[in-house]
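The sequence and structure come first.

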Amino acid sequence: MDKQDVLNYLDEISDEVKDLAFQVWSNPEISTEEAVSSKLFKEKLTENGFKIVNTKGVNYGFYAEYGQGSPVIAILGEYDALPGLSQAIDTKFNPLKENGPGHGCGHNLLGSAGLGSALAIKRYLEKTNTKGTIRFYGCPEEERLDGKVKMIKEDAFEGCDIALSWHPMNANLAAKEAFLANNSIKFKFFGTSAHAAQSPEAGRSALDAVELMNVGANYLREHVIDKARIHYTITNGGGAPNIVPKEAESWYFVRAPHRKDVEEITNRLIKIAKGAAMMTETTVEVELISGCYEILPNETLFNLTYKNMMEIERPKYTDDELQFAEDIQKTLNPDTIQGEIKKFIPSAQDEKLCMHQDLVDKEIAGSASFTGSSDSGDVSWIMPMNFMLTACWPLGVAAHSWQATSSSGSSLGMKGMIYAAEVFTGIMYDLLNEPKLVEEAISEFNKRTEKEKYISPLDSI
Ligand SMILES: [Zn+2]
């Protein structure tokens, strides 16, 4: 069985993979509630001879293993949906369930591509008696940004050598750096309630503290690195205007390209919170909800991913599919579409493009940045990890939108998913047949983490 034979086998089982992706899409479950989705994955893997091990730290987390000896390759799969993003496969806003959940981040595709590649490589290991182990990881709670962080804390990835990851998006791209490190923190202030008109002098307002903290945070913005992001919302502002609020709460996200910047800014934010408490004679409790790392680059795996993305034929679309993509684009701001084309495909500027069908130039891909966050970043700090995107949505479609839900259930999403599964299969085939690649990726990882070891964000405050 050579590489092409393995890819041909994946092609044979591609309808099963699409079926799974569609079933998960049709039954969207938000973070912490992925009972049916994880079961669908487990069933498929068990049927195919994988051994299932449930992981600690999260409900509905597991890995499915096949093979023997090293290298041990971890394929990261996710399957959680998002609240409020229910949507039919339609080019107009058309929720299947009012305010219901939906796969607006395409995790139905994310998990299924990984599973497809696991089945293909399992067939290869079985037929050729090649040494090596594959583990498909079912990783829940990605949208809370801490599922994998909790799994790492429970040593769920112990024994793995290399991890493979990807995300559905609107371009085909091998990424080197991606995501911002993040902390999600709640600040709870406690004061003294009083009648706001009769005895305001007896009250100490927790809401005043929240507001003063926000003022302080807004001044802090001028004195942090340009690429840092600080955003907040007030989650409890008290009850009625005539009661001095005894309790109030704000919820902050701090993001930056590197974890150490996030930690530094978080510490300064905590000082501001304490200052606000002092000014108002209230007290403050700080609660870290979650935190995650940015992706640690790995040149070896970046090159290997790019090579496979280049070699493997990218999806072609029918006229109907291109029309669907164009109609979805009509619901978007034209400047957003052009901005994306300018970012990824500068040579196509001013052209009318609805689906990305090529591969983003290596140099552009290598320096592209993505300002969201993902708990996959943490995995890249405990072992070498690749990262890539494939075009599953029309150009201009943003993650976490109804347009992304619609595309992720459509044949556009399915084609991008199968391409991702093929690239994963190609990468694993190369890793299993060229042990030098595994050694190089690991030694590069060791060098990059020599001075900066992974510390769980959950232990950072
Ligand atoms: Zn996502």
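Buried means under 20% relative accessible area, exposed means over 50%, and partly exposed is in between, with a 1.4 Å probe and protein chains only. By that rule both His 107 and His 167 are buried. The model is predicted: local features need pLDDT of at least 70, side-chain atom pairs count only at pLDDT 80 or more, and totals for chains, interfaces and linings use all residues. Residues are numbered from 1 along each chain as its sequence is written, and side-chain values use heavy atoms, with hydrogens and water left out.

**Zinc site**

- The zinc ion has as protein donors Cys 105 (SG), His 107 (NE2) and His 167 (NE2), at 2.1 to 2.3 Å.
- Donors are N, O and S atoms within 2.8 Å of the metal (3.2 Å for Na, K and Ca); water is not among the atoms, so sites may look incomplete.
- The spacing of the donor residues in sequence is C-x1-H-x59-H.
- Distant parts of the chain are linked by the pair His 107, in helix α4 (residues 107–128), and His 167, in strand β6 (residues 166–169), which are 60 residues apart.
- Helices (H or I, at least four residues) and strands (E, at least two) are DSSP runs, numbered from the N terminus.

**Helix α4**

- The 22 residues of α4 should span 32 Å at 1.5 Å a residue, and the end C-alpha atoms are 32 Å apart, which agrees.
- The expected span is 1.5 Å times one less than the number of residues in the helix.
- Of the 22 residues in α4, 18 are buried, so the helix is mostly covered.

**Helices α9 and α14**

- Helix α9 (residues 319–329) and helix α14 (residues 411–433) have axes that come within 10 Å and cross at roughly 110°.
- Axes are lines fitted to C-alpha atoms, for helices over the stretch in contact, and angles run from 0 to 180 degrees between N-to-C directions.
- Glu 321, Phe 324 and Ala 325 of α9 meet Ser 411, Leu 412 and Lys 415 of α14, where contact means heavy atoms within 4.5 Å.
- The residues of this contact are three nonpolar, one polar and two charged.
- Ala, Val, Leu, Ile, Met, Phe, Trp, Tyr, Cys and Pro count as nonpolar, Asp, Glu, Lys and Arg as charged, and the others, Gly among them, as polar.

- Ile 341 lies in helix α10 (residues 334–344) and counts as buried at 0% relative accessibility.
- Leaving out residues up to four places away in sequence, Ile 341 touches Pro 346, Ala 348, Gln 349, Glu 351, Leu 353 and Leu 395.
- His 400 is in the loop between β12 (388–391) and α13 (402–409) and counts as partly exposed at 41% relative accessibility.
- Apart from neighbours within four places in sequence, His 400 contacts Leu 82, Leu 85, Gly 104, Cys 105 and Glu 143; Cys 105 is also a zinc donor.

**Backbone features in loops**

- Ser 70 and Pro 71 are joined by a cis peptide bond, with omega about 0°; Pro 71 is in the loop between β2 (62–68) and β3 (72–78).
- Thr 32 is not a glycine but has a positive phi of about 80°, and is partly exposed with a relative accessible area of 31%.
- Phe 179, also not a glycine, has a positive phi of about 75° and is buried, with a relative accessible area of 14%.
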